[in-house]
Every structure is written in C-alpha cells, then in structure tokens.
Amino acid sequence: MIIGVPKEIKDHETRVGLVPSGVTALREAGHEVLVESHAGDGSSLTDREYLQAGAHIIESAHDVWTRADLVVKVKEPQPAEYDFFRPGLILFTYLHLAPLPDLTDRLLQTKVNGVAYETIRETDGSLPLLTPMSEVAGRMSVQVGAQYLERPSGGRGILLGGVPGVAPANVVILGGGIVGTNAAKMAIGLGAHVTIIDRSLNRLRELDDIFNGQLVTLASNAWTIGENLKTADLVVGAVLIPGASAPKLVKREMIANMKRGAVVVDVAIDQGGCFETSHATTHTEPIYFVDGVLHYCVSNMPAAVPHTSTFALTNATFPYLMELATYGLEGACERHASLRDGVNTYNGYVTHSGVAASQGRQWRHLAGVQ
Ligand SMILES: NC(=O)c1ccc[n+]([C@@H]2O[C@H](COP(=O)([O-])OP(=O)(O)OC[C@H]3O[C@@H](n4cnc5c(N)ncnc54)[C@H](O)[C@@H]3O)[C@@H](O)[C@H]2O)c1
C-alpha cells in the first residue's frame, strides 16, 4: 500500500501522523511511504530523518494525497484538502464529524472511507486513541499550574512542594480518570499535598491502592468540593461523562470563596468545562481571572508539546495503521471489531450511529454496505 503523510494545515496544529520509526516499519512490511516536505518540522522531526527512515519526501500536498491509498493525519481535513478526496481513499485521523456536517457531506459525496481515531473502541470500552492525549494534558496540568502559581505569572507565589519548615501547596483534582491520575503523579512527584475527588467509589479504591497513601481520596459531592476549594492552591478539572457536556461541579460562589491568586486548570474545557466560570482559551492568551482566581482553560493543551504528543499519539495509532496497510480496510475490520467502530464513513454511507444521530442522518452497518 502507498501511505501518505501530509503536513497538518489546521491553525496551530504542529503534530504529524507518523514518525520516522513508523516509516521504517511500514517499509520493512513492503509498503511505500510518502511524507510531505516539512510535515514533521513542528514536532522537531526533520525531512532528513524521514528520508533516512526510508520515506519519499514529496514537495506538494496534492501529490501526497493523490498518490496515496491511505492518508494518515492528526486533525480533520480542512476545506483546502477537500479537493483531494476520491473514491476508495482510506483516511485515518481524528475526524470529530459530529459538529462538521460539511466535511461529512464531502466524505460521503466523494466516497472516502474515513476511519476516526476518536471512535475506535476496545472490547473493554476504552478509547485507546484518546488516552495518550489525556495522559499528556494530565501531566501538563500540574506543570502549567506550578508555573502560574509563581508570582510573576499572576499566582499566589507558592512553590508546589514547599520547603523544609514551609507547608507544600494543596492540589485538588476533580475526576480521577486518565487526566486526574496523571496530574496526581506529577503533583505528588513535586511534593504537593494532593486530594482527588471522584464520584466512582471503585475508582477511588483503585487510586488508593495505586498511590498507597500518598494522596487523599474523597467521594464527590457539592459540599466536599466547596470545602476543599477554600484551602486549595491549585485545582485541576478532569471529570468526564462520556458523550455529554462536563458537569459544572464548581459553582461561581465556590470560586469566590477560594484564596486570591489560587490557580484553576480546567482540562475538561473541551467538553464545556467543569467550573461555572470557565471559558475556552488559547495558547496565545491562556489565562484570565475571576474573583482573583487565575483560570487556565486551553482546549488543546497537548499542542504546546507537539514532539511528545506526536510520539504519544503515534505509539497508539501505529498498530492500527499497520493492520490497515497490511490487510486493507475490509480485512483489518474483519480481524478487529475495534477498528470497525472507527469507520465513520464508507463507500458513501455514514457507518457510525453516533455521527448519524448528532447530525440527524441515516446510517448503515458497515457489513451492510461492504
Ligand atoms: N484540554 C485538553 O487539551 C484535553 C486533553 C485531553 C483530554 N481532555 C479532557 O479531559 C477530560 C477528562 O478526560 P479523561 O481521559 O481523564 O476521562 P476519564 O473518563 O478517564 O475520567 C473521568 C473521571 O471523571 C469522573 N467523574 C465523572 N463525573 C464526576 C463527578 N460528578 N464528580 C467527580 N468525578 C466525576 C469519572 O468517574 C472518571 O473517573 C475530558 O473532558 C477530556 O476530553 C482535555
């Protein structure tokens, strides 16, 4: 198969869909890889590295898209890329089609077979191609929180770990899933006093075992959240109700009762945020204040560390890419039910119930349109 890797063109997107080690593995399996010139620059991966790994470096996006049987990307195609669509092309990327009816129309009209990272679901219910970005954002949340707690950045002027004779900072994490657990690891590593609040008692039991007494676990309710926020220096919002908007666990008056110069990092902002006072911000203007409390609500945190994020993402996507290249879309889906869940459009039909429901469209089972 010929695999194409275009340079991402979405605003501020600096990740890339394949790293040089992936090129070598695909070449060894008998495939050809076309990488658009400078595709890896934003992730500090050079054309020379791709060349040495066995890729062909191609000057134009047009040539990459039109010569490839399968295009592997990071973000959903942008309008400038729609003209490259053609029947039978396999597109493997984050698609997030639900709010994008125009892109969906174009994929259907041109009969592109779109496989979306975000809907690939393993048999245990996990979403393996979303997890790596939650790991990155969770770890980053404490790093950015520590930075903004510094006085010159607008915070209270607190060192997370304290020093001998001075108490460490209080870090409160709302939600103990992937983001929350990774935030806890970083905060404990820096010596902070850490509390995780989750509504799942089973999850709290697991966290208690994992961290073996290094943090406090609390069952989620409004009173507990309000009391813990009064003494918090850094609060990380990391709750998720799959498929729904984030619950607004932190009310405006709880923010008003917090210490001046405390910091909240609302990682759940991509689902609307779990603080009533949150609104999405960007890497260019990441923060604002409400009642003297510093808010950081960047909805694409991993974009700040594209080198790490690219490797984290491609570690997870590559095994699926290899299956698609080796067995073709139909063969790979026959072997892996999880990949079937990833197919959002096939041969002019919507093949994912969630995408269809969110856009009020008809959909067909993949098996019925193959
Ligand atoms: N901003 C970014 O750049 C970025 C990057 C990655 C992930 N995210 C987002 O971070 C959020 C968390 O992702 P995750 O992978 O950790 O999800 P997850 O499913 O692994 O964990 C969510 C946790 O929230 C808990 N929860 C749900 N409702 C709760 C409530 N009322 N009170 C307390 N806990 C509650 C669940 O029990 C679960 O343990 C998601 O919205 C995700 O999209 C944002």
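This is a predicted model: local features need pLDDT of at least 70, side-chain atom pairs count only at pLDDT 80 or more; totals for chains, interfaces and linings use all residues.
Local features require a pLDDT of at least 70 and side-chain atom pairs count only at pLDDT 80 or more, whereas totals for chains, interfaces and linings use all residues. Residues are numbered from 1 along each chain as its sequence is written, and side-chain values use heavy atoms, with hydrogens and water left out.

The ligand is surrounded by 26 residues, the closest being Ser 134, Val 179, Asp 198, Asp 270 and Met 301; a residue belongs to this shell if one of its heavy atoms lies within 4 Å of the ligand. By residue class, the shell divides into 14 nonpolar, nine polar and three charged residues. In this scheme Ala, Val, Leu, Ile, Met, Phe, Trp, Tyr, Cys and Pro are nonpolar, Asp, Glu, Lys and Arg are charged, and the others, Gly among them, are polar. At least two shell residues each are supplied by helix H6 (131–148), helix H7 (178–189) and strand E8 (193–198), with H6 giving the largest share, three residues. Helices (H or I, at least four residues) and strands (E, at least two) are DSSP runs numbered from the N terminus.

An oxygen atom of the ligand lies 2.8 Å from a polar backbone atom of Val 179; the corresponding distances are 3.0 Å for Ile 178 and 3.2 Å for Leu 240. Taken alone, the ligand exposes 870 Å², of which the protein buries 86% (Shrake-Rupley method, 1.4 Å probe).

Val 298 is placed in the loop between strand E13 (293–296) and helix H11 (306–335). Its relative accessibility is 1%, so Val 298 counts as buried (under 20% relative accessible area; exposed means over 50%, with a 1.4 Å probe and protein chains only). Leaving aside residues up to four places away in sequence, Val 298 touches Ile 269, Thr 281, Thr 282, His 283 and Pro 286, contact being defined as heavy atoms within 4.5 Å.

In helix H5 (residues 101–109), the residues Leu 103, Thr 104, Leu 107 and Leu 108 are buried. They lie on the same side of H5 because they cover an arc of only 135° around the axis, taken from the directions from the helix axis to the C-beta atoms. The exposed residues Asp 102 and Gln 109 are carried by the face turned away from the buried side of H5. Cover for the buried residues of H5 includes helix H4 (79–82), strand E5 (90–93) and helix H13 (353–359). After H5 comes Lys 111, with a positive phi near 55°.

Technical notes:
A polar contact is a pair of N or O atoms within 3.5 Å; within protein, one must be able to donate a hydrogen and the other to accept it, and residues adjacent in sequence count only if both atoms are side-chain atoms.
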